[in-house]
Amino acid sequence: MVFPFNSSLDFNIQLSEEHELFRKTIREFVEKELEPIAMEIEKNNHIPDELFEKAAQLGLFGVGIPEEYGGQGADHMNTVLMMEEISRVSPAFGTAVTVHGLFVVPVLLYGTEEQKRKYVPPVARGEKLAAHANTEPWAGSDIAGIRTTAKKVNGHWVINGRKMFITGADRAEFFVVSARTSPPPQDKRWKGITFFIVERDTPGFKVGQKINVTGLRGEHPHEIILEDVKVPEENVLGPIGEGFKVAVNTYNHGRVNIAAQAVGIAQAVFEKSLNYAMQREAFGRPIIGFEAVAFKLADMLIKLEAARLLVYWAATLANQKRREYVMAASLAKTFATEVAEEASAHAIKIHGGYGVDVETGVERYLRDTLITTIYEGTNDIQRLNIIRELLRQVFGAPINIT
Ligand SMILES: Cc1cc2nc3c(=O)[nH]c(=O)nc-3n(C[C@H](O)[C@H](O)[C@H](O)COP(=O)(O)OP(=O)(O)OC[C@H]3O[C@@H](n4cnc5c(N)ncnc54)[C@H](O)[C@@H]3O)c2cc1C
């Protein structure tokens with residue numbers, strides 16, 4: 001036993017020639033279509049429609065979606081490689097191309113066959129975009145604290161409330177929305193939440209103000225207002241009152257992608273810093289000749305490759321449908337996002353004044369990486385997950401940690 005895992009075989013990473021071929025295809029797309037406009041996206045705080053169209057033509061929206069629902073049927077490793085490659089150039093577009101996963105995953109995990117056939121294929125083809133609306137002004141990490149309600153009235157559900165920080169809301173046509181359908185029993189706060197599929201043009205559903213966050217410019221989240229939004233019974237997603245599980249399993253599933261996004265960022269800032277350190281001269285020699293700079297680069301590379309291994313390992317466990325994946329994804333997300341944060345700060349320092357000149361496109365990575373440490377579960381919440389999963393593995397039952 002390699003505590004807390006069973007054996008050294010649990011640390012296998014399975015990558016194939018096909019994965020590498022896929023990575024190269026994404027790299028080509030990114031260099032041709034994304035790189036030339038990455039700074040434009042940053043400056044305008046807007047991703048052009050044509051880029052979405054080109055990504056859809058290449059099938060990028062369907063990468064992780066089964067073929068029977070219109071996707072490419074590729075595995076978790078492919079999704080991770082795609083996120084890494086896109087985020088190396090534009091983390092914002094990485095989010096834009098993958099955020100619909102937070103809609104598709106709960107529909108595939110909990111939806112009826114009819115819901116899957118109706119909602120997943122258009123999203124997989126990139127014809128319709130989709131988003132996930134759970135966070136509220138008063139509840140983020142504390143999912144059980146949501147105040148949006150859904151009440152059954154004459155055979156329909158009527159939803160009222162507000163959602164906050166909803167990525168992709170400006171373009172999405174389909175949403176999964178969480179709401180409280182019954183008050184929680186005193187000792188089980190998480191009970192009584194239900195997810196619904198809501199279409200954008202439903203009366204009373206309004207996408208509100210844009211939230212001007214520091215990073216991922218171009219893919220800014222929005223507020224959502226729900227006023228007497230009438231939803232038919234067939235749009236209930238999953239068991240009534242069990243929405244907490246829907247949310248947790250959705251985030252468990254997608255978390256490794258945020259870790260991959262961080263690896264893409266760390267890769268970008270490492271490459272930029274190495275190039276700069278080779279070219280920039282001070283005191284008559286390239287600055288890479290100074291130990292202070294060289295050691296920063298060495299640290300960046302050590303942690304970058306360690307983060308990459310964690311991410312590929314978590315993706316391998318996900319492909320194998322192993323329970324250990326849940327912990328591995330939290331390990332990968334926490335480590336990779338913090339590595340990316342540190343590497344982005346090092347990159348700024350190595351670039352000196354040019355590191356904080358927005359025109360060079362170096363400082364943007366630090367702003368982007370801060371978001372990766374927060375969304376899809378803050379790193380504090382990941383640390384809680386890690387210990388909860390560890391105790392579950394050791395003692396077989398969850399132990400309450402607050
Ligand atoms: C750019 C962006 C995009 C987003 N996109 C979406 C989206 O598409 N859909 C969606 O539903 N949400 C989205 N979110 C919301 C995101 O998931 C939440 O911001 C996140 O879960 C944290 O919630 P919060 O902001 O309410 O912070 P809080 O939960 O209030 O946390 C505040 C601080 O307290 C800490 N904390 C809270 N509880 C604990 C605890 N039990 N133990 C230890 N520390 C704790 C947190 O780690 C954090 O440091 C997005 C957020 C951002 C910034």
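## A covered helix

Which residues of α6 are buried? In this predicted model, the buried residues of α6 are Gly 101, Leu 102, Phe 103, Val 104, Val 105, Pro 106, Val 107, Leu 108 and Tyr 110. Helix α6 runs over residues 101-110 and is mostly covered, with 9 of its 10 residues buried.

A residue counts as buried if 20 or more other C-beta atoms lie within 10 Å of its own, and Leu 108 is buried because 20 other C-beta atoms are found within 10 Å. When residues up to four places away in sequence are not counted, Leu 108 touches Lys 116 and Val 120. Leu 108 and Val 89 are 19 residues apart in sequence, and their C-alpha atoms are 30 Å apart in space.

## The chain as a whole

The secondary structure of the protein chain comes to 12 helices and 10 strands, and the C-alpha trace spans about 80 × 50 × 40 Å along its principal axes. A compact globule of 402 residues would have a radius of gyration near 21 Å, and the protein chain agrees with this because its own value is 21 Å.

Of the 402 residues in the protein chain, 48% are buried. If one looks at contacts between residues at least 6 apart in sequence, 72% of them join residues that are at least 24 apart.

The domain assignment divides the protein chain into domain 1 (8-99 + 113-124), domain 2 (130-244) and domain 3 (253-395). The C-alpha centres of domain 1 and domain 3 lie 20 Å apart, and 23 residues of domain 1 are in contact with 21 residues of domain 3. On the side of domain 1 that touches domain 3, α2 (38-44), α4 (76-89) and α5 (91-98) each supply at least two residues, and α4 gives the most, with 11 residues. The residues of this side divide into 10 nonpolar, 7 polar and 6 charged.

Val 80 lies in helix α4, and this residue counts as buried because it has 29 C-beta neighbours inside 10 Å. Leaving aside neighbours within four places in sequence, Val 80 is in contact with Val 256, Asn 257, Ala 260, Val 311 and Ala 315. Although Val 80 and Ala 315 are 235 residues apart in sequence, their C-alpha atoms are 7.2 Å apart in space.

In soluble globular proteins, nonpolar side chains tend to be buried together. The largest nonpolar core in this model has 114 residues, and those that touch the most other members are Phe 196, Ala 259, Ala 266, Val 311, Ala 314, Ala 332 and Ala 336. Helix α8 (residues 243-279) gives the most to this core, with 16 residues. Once neighbours within four places in sequence are left aside, the contacts of Phe 196 are Ala 150, Trp 157, Ile 159, Val 177, Ala 179, Val 231, Asn 235, Val 236 and Leu 237.

Is Ala 307 buried or exposed? Ala 307 is buried, because 26 other C-beta atoms lie within 10 Å, and its place is in helix α9 (residues 291-319). Apart from neighbours within four places in sequence, Ala 307 is in contact with Ala 262, Val 263, Ala 266, Phe 335, Ala 336 and Val 339. Two of these contacts, Ala 266 and Ala 336, are also listed among the core residues that touch the most other members. Ala 307 and His 19 are 288 residues apart in sequence, and their C-alpha atoms are 18 Å apart in space.

## Around the ligand

How many residues surround the ligand? The ligand is surrounded by 23 residues, and the closest are Thr 135, Gly 140, Ser 141, Thr 378 and Asp 380.

The shell residues divide into 12 nonpolar, 8 polar and 3 charged.

Methods
Residues numbered from 1 in each chain as written. Predicted model: local features only at pLDDT ≥ 70, side-chain atom pairs only at ≥ 80, totals over all residues. Domains from an automatic or database assignment. Contact = placed C-beta atoms within 7 Å. Helix = DSSP H or I, 4+ residues; strand = E, 2+ residues; numbered from the N terminus. Nonpolar A, V, L, I, M, F, W, Y, C, P; charged D, E, K, R; others polar. Buried ≥ 20, exposed ≤ 12 C-beta atoms within 10 Å, placed from the backbone. Core = buried A, V, L, I, M, F, W, Y, C linked by C-beta atoms within 7 Å. Near = placed C-beta within 6 Å. Rg over C-alpha atoms; globule rule 2.2 N^0.38 Å.
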